[in-house]
Amino acid sequence: MLDRQRINELATADCHIHPDFSIDAKSSAEEHIQRALELGLRKICFTTHIDLDPHRDAADSYMNIHGKWMKQNENAVNIYLAEIDALKEKYSDKLDIVAGFEFSYEPHFAGKVRQFIETFKPSFSIGSVHAVDKLEITSRYFVPAAVRSFSPQKFIREYYNIVIEIARSKMFSVIGHIDGFKKYLPRYWGLSLCENIEGEIIDDVAKKLANAGAIIEVNTSGWRKGLPAPYPFASLIKALVSAGVKIGSIGSDAHIANDLGYRLKDAAEYIIGAIV
Ligand SMILES: [Zn+2]
Ligand SMILES: [Zn+2]
């Protein structure tokens, strides 16, 4: 049964925020907090990127620590956690602040992700597909390589196989932007072709995800990227929720404080509209 109250409550928290510890993000954690206070949010979760793929080590395995790029090692992660902890304390009477991570996930480095999670035991974590067969698909600079390597049919099947692996790993609080490949690939393949292929497999995918106890986020950056929907699209939300997949959080995927809280309430309405 649809629990409107729970969905509306999810929209009072932004659970996908990249402060400038992520090398592609621009605002400090405290600037994000200020924005959250302006918007009157109840809670925010910082989800700094962690990318442990050894094949993309040179490009993605860094954190920005006070203007200096550092490898995502224990030292850098502890600096991040300590800083968020101090802010949590400072704003404890105004806002619930959580220090979490967004992990890139592919099966070939799942062991490293598990090790990281066991070491730091984050209270919130997102598992996301950012690459398939080591080909990055959420960066406009790298996506042409994926387009050359895959047919849309092969790609979308492989993509959702990784999503299922994320759910089966049971490592994460939620699965991030579950149809996030729609950020760039439909520009090459056409959105309706992508949706048709997805439509053919989604009931099977949804069943497997539900069996694995999957919990997903709804990510409003789809709208910000000019798509007609957040991630996931309504048809996907309906198929997933009908099969028993839970929605655990809503997030803006803000990389700059201005985007924090972006269309959270619209997302709650969108979810409710997709399910009823
Ligand atoms: Zn992501
Ligand atoms: Zn993100």
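This report describes selected strands, helices and backbone features of a predicted model.

Residues are numbered from 1 along each chain as its sequence is written, while chains are lettered from A and ligands numbered from 1 in the order in which they are written. In this predicted model, local features need pLDDT of at least 70 and side-chain atom pairs count only at pLDDT 80 or more, whereas totals for chains, interfaces and linings use all residues.

**Strands**

Helices (H or I, at least four residues) and strands (E, at least two) are DSSP runs numbered from the N terminus. Strand E5 spans residues 96-104, and seven of its nine residues are buried. A residue is buried if 20 or more other C-beta atoms lie within 10 Å of its own, exposed if 12 or fewer, and partly exposed in between, with C-beta atoms placed from the backbone.

E5 has parallel pairings with E2 (residues 43-50), over eight bridges, and with E6 (residues 125-128), over four bridges. Two strands pair if DSSP finds at least two bridges between them. Val98 of E5 is the bridge partner of Cys45, and Ser104 stands opposite Ser128 in E6. Together with helix H5 (residues 110-120), E5 and E6 form a right-handed β-α-β unit. The crossover is right-handed if, with the strands pointing away from the viewer, the path from the first strand over the helix to the second runs clockwise.

Strand E10 is also mostly covered, with four of its five residues buried. E10 pairs in the parallel sense with E11 (residues 246-251) over five bridges. Ile247 in E11 is the bridge partner of Ile216.

Which residues of H11 (residues 234-243) are buried? They are Leu236, Ile237, Ala239 and Leu240. Their cover includes helix H9 (191-211), strand E10 (215-219) and helix H12 (264-275).

The axes of H11 and H12 come within 8 Å and cross at roughly 65°. Axes are lines fitted to C-alpha atoms, for helices over the stretch in contact, and angles run from 0 to 180 degrees between N-to-C directions. From H11, the contact is made by Ala234, Ile237, Lys238 and Val241, and from H12 by Tyr270, Ile271, Gly273, Ala274 and Ile275. Residues are in contact if their C-beta atoms, placed from the backbone, lie within 7 Å.

Asn196 lies in helix H9. This residue counts as partly exposed because it has 13 C-beta neighbours inside 10 Å. The C-alpha atoms of Asn196 and Gln153 are separated by 9.7 Å, although the two are 43 residues apart along the chain.

**Backbone features**

Most residues other than glycine have a negative phi, and most peptide bonds are trans.

| Residue | Phi |
|---|---|
| Lys121 | about 40° |
| Arg263 | near 50° |
| Gly244 | about 115° |

Lys121 is in the loop between H5 and E6, and it counts as exposed because it has 8 C-beta neighbours inside 10 Å. Arg263 is in the loop between E11 and H12. With 19 C-beta neighbours inside 10 Å, Arg263 counts as partly exposed.

Where does Pro232 lie? Pro232 lies in the loop between helix H10 (221-224) and H11. The peptide bond from Tyr231 to Pro232 is cis, with omega near -5°.

Definitions and conventions
Contact = placed C-beta atoms within 7 Å.
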